[in-house]
Amino acid sequence: RSLIGRTGCGICGVESLADAVRQAAPVASNFSTDVAAVYRALGQLPQLQAVNKLTHSVHAAAWSDASGQIVLAREDVGRHNALDKLIGAMAWRGMDFGQGFAVITSRCSVEMVQKAASVGMPMVVAISAPTALARRLAESCGMTMVALARSDSFMVLTHPHRLVQNREQAAS
């Protein structure tokens, strides 16, 4: 294209990658959780995806508290839109973005990291792999990125200090 795009994910139509990727604000949260909480949240999410049960074609973004209890979930055909809906619903309710983690049913792109960091989310758990650019941005802004999250395994790619094996052991 010869014009910078007026709508889209933020990358479509830009003239250079430097124009599309803005540095995310540092994530300033002392949030931590245990590994079991991530698995609990992953296990709950399918039951909260009513539209996906019918269509098998939409993404979800959910918010979990430190115990792994999903407290809010939103769906949309677009992965960016699902996260936007989650952030909007959280803001509407006055929820604390710094005390929990997002679970997304998609890959974690740079735009997803930018959105999550812009509101201060300390951790994003994605069922798919991130882009290299998203990983670098999460590292630089202090966000914990968990990827390839399944019922029996996941990878912690950045800032692993927010995840502990057993919260009770870590406190003692």
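L148 sits in the loop between β6 (144–147) and β7. The model shown here is a predicted one. In this model, the phi of L148 is near 50 degrees, a positive value in a residue other than glycine. Most residues other than glycine have a negative phi. L148 is partly exposed, with a relative accessible area of 32%.

H159 also has a positive phi, near 45 degrees, and is a residue other than glycine. Its place is the loop between β7 and β8. Is H159 buried or exposed? H159 counts as buried, at 19% relative accessibility.

P160 is exposed, and its relative accessible area is 52%. The cut-off for exposed is over 50%. Along the chain, P160 and M145 are 15 residues apart. Their C-alpha atoms are separated by 8.2 Å.

**The chain as a whole**

The chain has 172 residues, and 44% of them count as buried. It has seven helices and eight strands. Now take the contacts between residues at least 6 apart in sequence. Of these, 50% join residues at least 24 apart.

**Helix α2**

Which residues of helix α2 (residues 35–44) are buried? They are V35, A37, V38, A41 and L42. These residues cover an arc of only 160 degrees around the axis, so they lie on the same side of α2. What do the buried residues of α2 pack against? Their partners are strands: β1 (33–34), β2 (59–64), β3 (70–76), β4 (101–104), β5 (123–126) and β8 (163–164).

**Helix α4 and M90**

M90 lies in helix α4 (residues 79–93). M90 counts as buried, at 0% relative accessibility. Leave aside residues up to four places away in sequence, and M90 touches W63, L72, M95, F97 and M121. One of these is L72. M90 and L72 are 18 residues apart along the chain, and their C-alpha atoms are separated by 7.9 Å.

**Helices α5 and α6**

Helix α5 (residues 110–118) and helix α6 (residues 132–141) have axes that come within 8 Å. The axes cross at roughly 25 degrees. Angles under 35 degrees count as roughly parallel, so α5 is roughly parallel to α6. Which residues meet there? From α5 come V110, V113, Q114 and A117. From α6 come L133, A134, L137, A138 and C141. In this contact, eight residues are nonpolar, one is polar and none is charged.

**Cysteines**

C141, in the contact of α6 with α5, is buried, with a relative accessible area of 3%. C108 is buried as well, with a relative accessible area of 1%. How many disulfides does the structure hold? The structure holds zero.

**Accessibility side by side**

The table collects the residues discussed one by one.

| Residue | Relative accessible area | Class |
|---|---|---|
| M90 | 0% | buried |
| C108 | 1% | buried |
| C141 | 3% | buried |
| L148 | 32% | partly exposed |
| P160 | 52% | exposed |

Terms used
Residues numbered from 1 in each chain as written. Predicted model: local features only at pLDDT ≥ 70, side-chain atom pairs only at ≥ 80, totals over all residues. Heavy atoms only, no water. Buried < 20%, exposed > 50% of the residue type's maximum accessible area, 1.4 Å probe, protein only. Helix = DSSP H or I, 4+ residues; strand = E, 2+ residues; numbered from the N terminus. Arc of directions from axis to C-beta. Contact = heavy atoms within 4.5 Å. Axes fitted to C-alpha atoms, helices over the stretch in contact; angles between N-to-C directions. Parallel < 35°, antiparallel > 145°, perpendicular 65-115°, else oblique. Nonpolar A, V, L, I, M, F, W, Y, C, P; charged D, E, K, R; others polar. Disulfide = S-S within 2.5 Å.
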